[in-house]
Amino acid sequence: MVHGEANLGGRLGESRIARIRRGLLFIGGVFSAPWAVIMHAFSGITPTRRMTCELKSGGKTHRAPVALFRDKLPQRLAKRFLYSTSLGGRVFRAIKPLIIRQTVVMLAVTYRCTCRCEHCGVKGARDHARGEMDTGEMLNLIDQLARSRAKVGTLYLFGGEPLVRRDLLTLIHRAKEHGLKVVIDTNGALLDEAMADRLAAAGVERVRVSIDSAIPEHHDANRRLPGLYAKAIAGACLMRDRGVRTELSTFCTPEKIESGEVADVKRVARENRLNGVRILSTICSGGFVDSQPLAGDCERKLYSLLEPGFAYYEMPNIDHPKYRFQCYSALRGYFFISPYGDVQPCCFMPVTFGNLRDEPLDDIVDRMWRHQLFDCGSSSCLMNRAETHAWIASLPTEGDPRQGPIDNRMQA
Ligand SMILES: C[S@@+](CC[C@H](N)C(=O)[O-])C[C@H]1O[C@@H](n2cnc3c(N)ncnc32)[C@H](O)[C@@H]1O
Ligand code: SF4
Ligand code: SF4
């Protein structure tokens with residue numbers, strides 16, 4: 001009884017500020033309508049009556065207030081242009097140097113790993129004769145990244161399995177001191193409560209936990225680590241509970257698309273209230289070097305699994321069936337550094353353009369990005385092109401990586 005009165009009183013006794021806010025929201029909604037029409041034309045979001053709009057994706061219809069999308073419209077239009085037209089790709093490359101801190105760097109902090117996955121794209125990259133960079137070298141590298149001409153904004157810590165590295169938190173703290181965003185890719189084997197607490201407290205922005213199949217036995221068999229599926233899901237939930245954006249990461253083959261396994265991984269993410277799913281195409285490297293890249297019908301099916309803000313292909317920006325695939329490496333939007341200090345176009349490309357133990361980072365990156373490899377378009381994965389493999393095969397395999405034309409094949 002008392003509660004009922006209190007509710008009614010609350011509504012009638014709405015403060016002046018709340019009423020003004022409601023009025024402004026209403027006016028905002030009215031002015032949103034033309035925006036919604038434009039939005040429909042460019043981004044596939046359909047405006048409906050009552051100032052809501054429908055977003056159809058993955059066979060489902062989501063409804064949200066137009067006002068929610070209104071502020072994001074300029075971004076959506078820009079994205080639609082940059083990611084779905086080839087002119088957009090060229091414009092992206094031209095304006096990128098002007099955009100502050102856009103480059104993503106993937107740093108393999110180690111090639112050691114708790115698993116031995118069939119498909120592992122960095123299989124064979126570990127070289128026992130070479131020492132991995134120690135804490136001092138890694139910190140120096142992070143300092144260089146922070147002031148690099150490449151305008152690095154995000155650091156992906158990667159491997160191997162990054163959580164096996166004991167000084168990982170020290171590296172994360174240094175990156176955060178420099179204002180870099182930190183993302184971690186992990187198989188989840190070591191993601192227990194203590195680790196989750198430390199990662200969350202360190203300010204990690206995003207964690208991606210790999211799940212190859214929603215069938216636990218399939219996942220564990222592929223990773224050759226019994227019980228990993230349960231640990232990985234539990235670890236992802238620990239990060240979610242600590243408010244860190246947590247996604248599942250899954251690679252897809254034609255068989256996995258046909259059997260619905262990729263869609264099932266999305267279901268698992270939803271059931272566990274995780275923030276999304278990254279879908280990786282089959283990348284022809286390491287254990288998958290002889291596989292066929294996804295194409296035609298298979299790729300179309302993969303695209304139908306994308307959902308804005310939830311399921312994306314390769315990089316977070318490619319999250320809508322209308323956005324074209326873009327290889328971030330080819331766009332000069334991303335590069336990779338191995339635990340030995342080799343600077344490479346991509347973690348899956350066994351080619352180094354120089355080593356941080358010998359030269360400053362910027363000199364190597366400048367040289368790398370001048371190479372013709374980066375002029376051959378970004379609409380498909382560099383590692384899924386026959387020309388790239390032919391070029392890699394033509395590179396000398398012996399000697400100092402800094403000798404020879406510009407690059408050299410890494411010692412396996
Ligand atoms: C190389 S792993 C490194 C991080 C960690 N060890 C893990 O497995 O999550 C990063 C992601 O790349 C995926 N991956 C590895 N090799 C791949 C390949 N050849 N094709 C597609 N995805 C691959 C893994 O499944 C994982 O989700
Ligand atoms: S995919 Fe990740 S977990 Fe699997 S072997 Fe490669 S680095 Fe290790
Ligand atoms: S070459 Fe490009 S698309 Fe392929 S894995 Fe590397 S960054 Fe991704």
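# Reading a predicted fold, step by step

Mentor: Let's start in the middle. The largest nonpolar core has 92 residues, and Val105 and Leu107 are those with the most contacts inside it. Helix 10 (residues 228–241) gives the largest share of this core, seven residues. Keep in mind that this is a predicted model.

Trainee: Okay. Leaving aside neighbours within four places in sequence, which residues is leucine 107 in contact with?

Mentor: With those neighbours set aside, leucine 107 is in contact with Leu155, Tyr156, Leu157, Phe158 and Ile337. Now widen the view to the protein: among contacts between residues at least 6 apart in sequence, 68% join residues at least 24 apart.

Trainee: And how many helices and strands does the protein have?

Mentor: There are 15 helices and 14 strands. Of the 412 residues, 40% count as buried.

Trainee: Let's do strands. How do the strands of a sheet pair?

Mentor: The general idea is that backbone hydrogen bonds link the strands of a sheet, in either a parallel or an antiparallel way. In this structure, an open sheet of nine strands has the order 10-9-8-7-6-5-4-11-12, and its pairing is mixed.

Trainee: Which strands stand at the edges, and why does one side of each lack a neighbour?

Mentor: Strand 10 and strand 12 (343–344) are at the edges; each has a single partner strand, so one side of each is left without a neighbour in the sheet.

Trainee: What about strand 5, which strands does it pair with?

Mentor: Look at strand 4 (residues 103–110): seven bridges join it to strand 5, and the two run parallel. One bridge to find is valine 105, whose partner in strand 5 is leucine 155. To get from strand 4 to strand 5, the chain passes through helix 6 (residues 135–146), in a right-handed β-α-β crossover. Strand 5 also pairs with strand 6, in the parallel sense, over four bridges. There, leucine 157 stands opposite isoleucine 184 of strand 6. The crossover from strand 5 through helix 7 to strand 6 is a right-handed β-α-β one too.

Trainee: Is strand 5 mostly covered or mostly open?

Mentor: Mostly covered, with six of its eight residues buried. When you look at a strand, remember that side chains in a regular strand alternate between the two faces of the sheet.

Trainee: Now the backbone angles. What should I expect for phi and for peptide bonds?

Mentor: In general, most residues other than glycine have a negative phi, and most peptide bonds are trans. Here, arginine 273 has a positive phi, near 55°. Its place is the loop between helix 12 (261–271) and strand 9 (276–280). Arginine 332 also has a positive phi, of about 60°, and it sits in the loop between strand 10 (311–313) and strand 11 (334–337).

Trainee: How many residues surround ligand 1, and which are the closest?

Mentor: Ligand 1 has 20 around it, the closest being Gly121, Ser210, Phe251, Ile283 and Phe288. Strand 5 (152–159), strand 6 (181–186) and strand 8 (245–251) are the elements giving two or more residues to this shell. By type, the shell has eight nonpolar, 10 polar and two charged residues.

Trainee: And what surrounds ligand 3?

Mentor: Its shell includes Ile283, Cys327, Tyr328, Cys346 and Cys381. The division there is nine nonpolar, one polar and one charged.

Definitions and conventions
Residues are numbered from 1 along each chain as its sequence is written. Chains are lettered from A and ligands numbered from 1 in the order in which they are written. This is a predicted model: local features need pLDDT of at least 70, side-chain atom pairs count only at pLDDT 80 or more; totals for chains, interfaces and linings use all residues. A nonpolar core is a set of buried Ala, Val, Leu, Ile, Met, Phe, Trp, Tyr and Cys residues joined through C-beta atoms within 7 Å. A residue is buried if 20 or more other C-beta atoms lie within 10 Å of its own, exposed if 12 or fewer, and partly exposed in between; C-beta atoms are placed from the backbone. Two residues are in contact if their C-beta atoms, placed from the backbone, lie within 7 Å. A residue is near a molecule or strand if its C-beta atom, placed from the backbone, lies within 6 Å of it. Ala, Val, Leu, Ile, Met, Phe, Trp, Tyr, Cys and Pro count as nonpolar, Asp, Glu, Lys and Arg as charged, and the others, Gly among them, as polar. Two strands pair if DSSP finds at least two bridges between them. A crossover is right-handed if, with the strands pointing away from the viewer, the path from the first strand over the helix to the second runs clockwise.
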